[in-house]
Amino acid sequence: MLQPTTCDQKFAITHVLDIDALRNVLSRFQSASGVSVWISEQNEQFIVAGSSNYDASFCFQFVVHIDDCLPVVLSLDGRSFKVGESTLPLSVPTVVNTVRAGIVDVLQVMVEKELLARKNSQNDIQLESPFHLQTILDALPTPMGWSNAENDNIEYINAAFEALFGYKQADIPNLGQWFEKAFPDEAYRQRNRLLWQEQVVQRKRGDTETQVQPVEVTCKDGSVRNVLISATSVGKKRLVNYSDMTSYWQIQNRLSAHREMLEMIAKGQSLASILEKIVFQVQSESKDSICSVLLLDEHNKLRSAAAPDLPEFYTKAIDGLKIGPSVGSCGTASYLKERVIVADISEHEYWRGFEALAARANLAACWSDPILSSSGEVLGTFAIYHPYATYPTQDDIDLISFASNLASVAIENRQSRDELERKAYYDDLTGLANRRYFFEYASKVLKELLSVSGYFSMIMLDIDHFKYVNDQYGHEIGDLVLKKVAQTMTKTLDDTGLVGRIGGEEFAVILPHIGKQEAFDIAECLRIAVSGLMVTTPNQDHVKITISAGLAQCCEGEEGSIGIDQLFKRADTALYQAKTAGRNRVMVFNMAQ
């Protein structure tokens, strides 16, 4: 019927249907659908509109061929819908891509029936006819239906309505049943019903602007769809159409969450709080889901990072599991570096040995995505659990990809921050605090202690004959000596104080709230621990290591406050005394000397 022919073989549509008749067709279409349409002949200037609000700058146009007529240009209103004072970033052209085929068919039917009615002088084809209105609604892919204004009975819903919400007409015989099922929360139901009734009243008064109301509709299967609802009156019928905006709202929510999480990352918030935010975002979008993030440590073991809604016994049980084939969904996904979908935990080979644990936690399905770095290394996993066996939809796959990608950004950013911090504050070779950070920290602690009349001690240490080791065996052996000394001191101190590398072979330790007698005992422990070290060279020479140490206390006797530089000089003086006295010993600064 819509086969195009050359323009010179067709009549202009106004030759067979006058402008008033065209306007009548478009007005009836607008009343039924809530969509404003204008029509113009190709290469002509005149416009026929279903309303007086035509503005060519806001139109989306496409061409339709109607038998015996020149090609006709249809223009759909492209202005934004408005809800209250806010403007939703949705225009009709966005919707046209999915509905324009139906609109073309409907308008063609209406125009051709008008032509037929004119030709046969029959005027019995009216939009108010239920059969005719049903024909129009069936041709539209937009969910629509109507109810009786006198008794609130729902008389018709189209196939698109059933496909979107899952309800058949028998499930919702009247508006009361519809509102109870679509809006199970009573407060939300009453609020939306009042808005809907007000909208119908506005349309009855002849208000020209169609009010579009965003609502959350609970479907028959329990899922929730975000839709825009518009109601109007056609005779004794209340006509309602729905635009499914679920995907749009999900995208907007994800973009909002993405921006919020990037802000959290930029502000240096903890990785745990960022990952937990990602978990809550996914759980809000995925029905009945419980999510978790596991991080992979340097020993290829999974460590729990964010799982706020998983049972504590479950997170403890999987924390520390080494990755590998058949180590649940997450252990296997990390090992294979690919997504693992387990729809039924009780029957899947990857979960053998873990079925009872999962059953106790009421977990029946687990989809796990490896979190990969920008270089392709596994950082951890993002998992979505369900309390029943189920396969993911494409939307679920998109969601888990979104989550794992965002988690990757957060984790890599934190690792980069940690690395920058390590380089800024710690010595690359030994991993100890560098000179700058050591003195910044020591100065801060000293000021705090002096404000409350406290005290602490400082120990200066030096590796004996280190220059000889470097000259005799090379810097590689020298570096090995430095590392072994640093590791030994850190292990011996066990968080008692902060140890730093001050320069070449020199180290320092600050001991808050510790006097010189206890500090002497600690320095002796360090000296004895280091003296047990031995480094073997490639030539099988054995290099024995010893250290000398000097310590000073802040403050002694009636002495007032002193600065960190002065305390450092005192400890250094004691160190010099230890070295001149024969090395491999500890000396204490004495003010009397």
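Predicted model: local features only at pLDDT ≥ 70, side-chain atom pairs only at ≥ 80, totals over all residues.
Now step back into helix 16 itself.

Which residues of helix 16 are buried? They are Ile477, Gly478, Val481, Leu482, Val485, Ala486, Thr488, Met489 and Leu493. And what do those buried residues pack against? Two helices are on the list, helix 15 (466-473) and helix 17 (516-531). The strands there are strand 17 (456-463), strand 18 (498-503), strand 19 (506-512) and strand 20 (534-536).

Let's move to another part of the chain, strand 11, residues 237-244. Is this strand mostly covered or mostly open? Mostly covered: seven of its eight residues are buried. Strand 11 also has a partner, strand 7 (residues 144-148), and the two run antiparallel, joined by five bridges. If you want to find one of these pairings on screen, look for asparagine 148, whose bridge partner in strand 11 is lysine 237.

Finally, the whole chain. Its secondary structure comes to 18 helices and 23 strands. Of its 593 residues, 46% count as buried. The chain exposes about 29800 Å², with carbon and sulfur atoms supplying 48% of that. And if you take contacts between residues at least 6 apart in sequence, 57% of them join residues at least 24 apart.

Conventions
Residues numbered from 1 in each chain as written. Heavy atoms only, no water. Buried < 20%, exposed > 50% of the residue type's maximum accessible area, 1.4 Å probe, protein only. Helix = DSSP H or I, 4+ residues; strand = E, 2+ residues; numbered from the N terminus. Pairing = 2+ DSSP bridges. Contact = heavy atoms within 4.5 Å. Areas by Shrake-Rupley, 256 points an atom, 1.4 Å probe, with all protein chains shown as cover.
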